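Good morning, colleagues. I should like to take you through one structure today, with attention to its strands, one of its helices and its aromatic rings. Please have the display in view as I speak.

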Amino acid sequence: MKNNQSLGFEAVKKKGWFSANRFLILRRIVQVTILTLFLLGPLAGIWIIQGNLSSSLLLGVVPFTDPFILLQSMASGHLPLFQGFLGALIVALFYGLVGGRVFCSWICPVNLLTDAAAWCRRKLNLRKEKVISRQWRYWILAMVMILPLFTGVMSWELVNPVSAFNRGLFFGMGLGWILFLMIFLFDLLAVENGWCGHLCPMGAFYSLINRTSLIKVSAVKREQCTDCSDCFDVCPEPEILKGPVYGKKHDIGPLVKDLTCTNCGRCVDVCAENVFEITTVLSGKNSLAKGGEIK
């Protein structure tokens, strides 16, 4: 097995530390900025955005509603106000353009926890084959949507770690710490990328929105691949890279079309040979992040 201590070492050597971590840095800035905006109101009285990731209001005018939450609410027999529908439409259109699972890697606060577990696994050399199917998340999603039809209760929201995190910010984590610890230990000791990659129904829901995404990752320079496997080691959904990277012989294009791609950009970061770009489905040659520099 490859020594995970050297993951991305060649990329840092060839491109520099910042270029080998730029998307990771940008994701952390976005995540922290969003959390800060939510906290500015109750802590400092600066109400740029009110609410939480489930439902919020930007500058007192623009509504944002998590469509996953809205559908659960409707299934439980509670019809949202027009503002809720409008907010869900705005959010769905946004993720429909940039990619649904962008929520998972760029917005979701639980990503900080699961990324930390993945980092620890690499440092402790605990990586191993998955032991449960990644399709479980879709079965769990189905149950999450069906249960409210019979119970009249949004059952998932009682244990949803994203909602628990939002509540914890304002009212204290309480038993939420146990939930987060369980997710961390599950990812660290049981299944690699276990929560986000195998079980989370929220991630499964947003992957379905990926069908219309315009922004994609592409292995446009796959002929330069040296089989170092750094991209596979760092990707939270590594199986999706096999076709785009190695599919030339089978006429499989370089575009990562799999619905579970999170557009996290880590494959772009750690590849020393600049195999990957972030591009659009409209123009495979015009990239947003090409080679070793942002254009």
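What you see is a predicted model. Let me begin with helix H9, where Trp177 and Phe180 are three residues apart and are therefore separated by about one helical turn. In general, an α-helix has 3.6 residues a turn, so residues three or four places apart point the same way. Trp177 and Phe180 form an edge-to-face aromatic pair, with 6.3 Å from centre to centre and 85° between the planes. Which of the two is exposed, and which is buried? Trp177 counts as exposed, at 57% relative accessibility, whereas Phe180, at 8%, counts as buried.

The count of aromatic pairs comes to 10. One of them joins Trp156 and Trp195: the ring centres are 6.2 Å apart and the planes lie at 15°, so this pair is stacked. It links distant parts of the chain, since Trp156 sits in the loop between helix H7 (136–151) and H8, while Trp195 belongs to helix H10, 39 residues apart. Trp156 is buried, with a relative accessible area of 11%, and Trp195 is buried as well, at 14%. Ring pairs also link Phe68, Phe94, Tyr95, Phe103, Phe205 and Tyr206 into a cluster.

I turn now to helix H6, residues 110–123. At 1.5 Å a residue, its 14 residues should span 20 Å, and the end C-alpha atoms are 20 Å apart, which agrees. Buried in H6 are Val110, Asn111, Thr114, Ala117, Ala118, Arg121 and Arg122. Viewed down the axis of H6, these buried residues fall within an arc of 140°, so they line one face of the helix. What covers them? The cover includes helices H2 (22–44), H5 (102–107), H8 (161–171), H9 (176–190), H10 (194–199) and H12 (230–234). After H6 comes Asn125, with a positive phi near 55°.

Finally, the strands. Strand E1 (residues 49–51) and strand E2 (residues 55–58) run antiparallel and are joined by three bridges; Ile49 stands opposite Leu58 in E2. The two strands form a hairpin with three residues between them. E2 is in turn joined by four bridges to strand E3 (residues 62–65), again in an antiparallel arrangement, and here Ser56 stands opposite Phe64 in E3. The hairpin of E2 and E3 has three residues between the strands, and in it Leu59 takes a positive phi near 55°.

Thank you for your attention.

How values were computed:
Residues are numbered from 1 along each chain as its sequence is written. This is a predicted model: local features need pLDDT of at least 70, side-chain atom pairs count only at pLDDT 80 or more; totals for chains, interfaces and linings use all residues. Side-chain values use heavy atoms; hydrogens and water are left out. Two strands pair if DSSP finds at least two bridges between them. The expected span of a helix is 1.5 Å times one less than its number of residues. Buried means under 20% relative accessible area, exposed over 50%, partly exposed in between (1.4 Å probe, protein chains only). The arc is that of the directions from the helix axis to the C-beta atoms. Contact means heavy atoms within 4.5 Å. Rings of Phe, Tyr and Trp (its six-membered ring) pair if their centres lie within 6.5 Å; planes under 30 degrees apart count as stacked, over 60 as edge-to-face and the rest as tilted.
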